[in-house]
Amino acid sequence: DNVRSEDTISVIQAVSSTVNGRYLAWNFVRDNWSIIFARYGDGLFSLISLIRTITNAFSTELELSEVEVFFGTNPDAGSGTRAVLQAIELIKANIQWVNNNQNVL
């Protein structure tokens, strides 16, 4: 309640910009999806940006599964529907990249 509605997405994105914060933000979004969706589901860029920012560094099968399961049980992502599909594609590409380069890492 202390964060202005118009700043909520920015705060969540800022939290997600660190490794540990990414999971805090992802859990927060899942736990509060109905509120977030009610506020920003029809917005042109807010929900799209939020989904992309939180998931862009996901690179494990577990993270992929969590995203697929969450959005499978919450299929109406409003303006973020395409961003969800793109996030899943990006996570798969990230997993492949890690698999191809894990010996180098």
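This is a predicted model: local features need pLDDT of at least 70, side-chain atom pairs count only at pLDDT 80 or more; totals for chains, interfaces and linings use all residues.
**Entry 1: Gly80**

I then located Gly80 in the loop that runs between helix 5 (61–73) and helix 6 (81–101). Which residues does Gly80 contact, leaving aside its neighbours within four places in sequence? I found Leu47, Ile48 and Ile51. I also checked Gln13, which is 67 residues from Gly80 along the chain; the two C-alpha atoms are separated by 15 Å.

**Entry 2: Nonpolar core**

I turned next to the largest nonpolar core, which holds 25 residues. Trp33, Leu50, Ile51, Ile54 and Phe71 touch the most other members. Helices 1, 2, 3, 4 (46–55), 5 and 6 each give two or more residues to this core. Helix 6 gives the most, with six residues. In soluble globular proteins, nonpolar side chains tend to be buried together.

I listed the contacts of Trp33, again leaving aside neighbours within four places in sequence: Leu47, Ile51, Phe70, Phe71, Asn74, Asp76 and Ala77.

**Entry 3: Largest pocket**

I recorded a volume of about 320 Å³ for the largest pocket. Its lining comprises 13 residues, and Val3, Thr8, Ile12, Phe28 and Arg39 lie nearest the centre. Helix 1 (8–15), helix 2 (19–31) and helix 3 (33–40) are the elements that give two or more residues to this lining. Helix 1 supplies the largest share, four residues. By residue class, I noted eight nonpolar, three polar and two charged residues in the lining.

Methods. Residues are numbered from 1 along each chain as its sequence is written. Side-chain values use heavy atoms; hydrogens and water are left out. Contact means heavy atoms within 4.5 Å. On a 1 Å grid over the protein atoms alone, a cavity is a set of points where a 1.4 Å probe fits but cannot get out, and a pocket is an open set with protein on both sides within 12 Å along at least five of seven lines; lining residues have an atom within 4 Å of a point. Grid points are joined across faces, edges and corners, and a volume is the space filled by probe spheres set on the points. Ala, Val, Leu, Ile, Met, Phe, Trp, Tyr, Cys and Pro count as nonpolar, Asp, Glu, Lys and Arg as charged, and the others, Gly among them, as polar. A nonpolar core is a set of buried Ala, Val, Leu, Ile, Met, Phe, Trp, Tyr and Cys residues joined through side-chain atoms within 4.5 Å. Buried means under 20% relative accessible area, exposed over 50%, partly exposed in between (1.4 Å probe, protein chains only).
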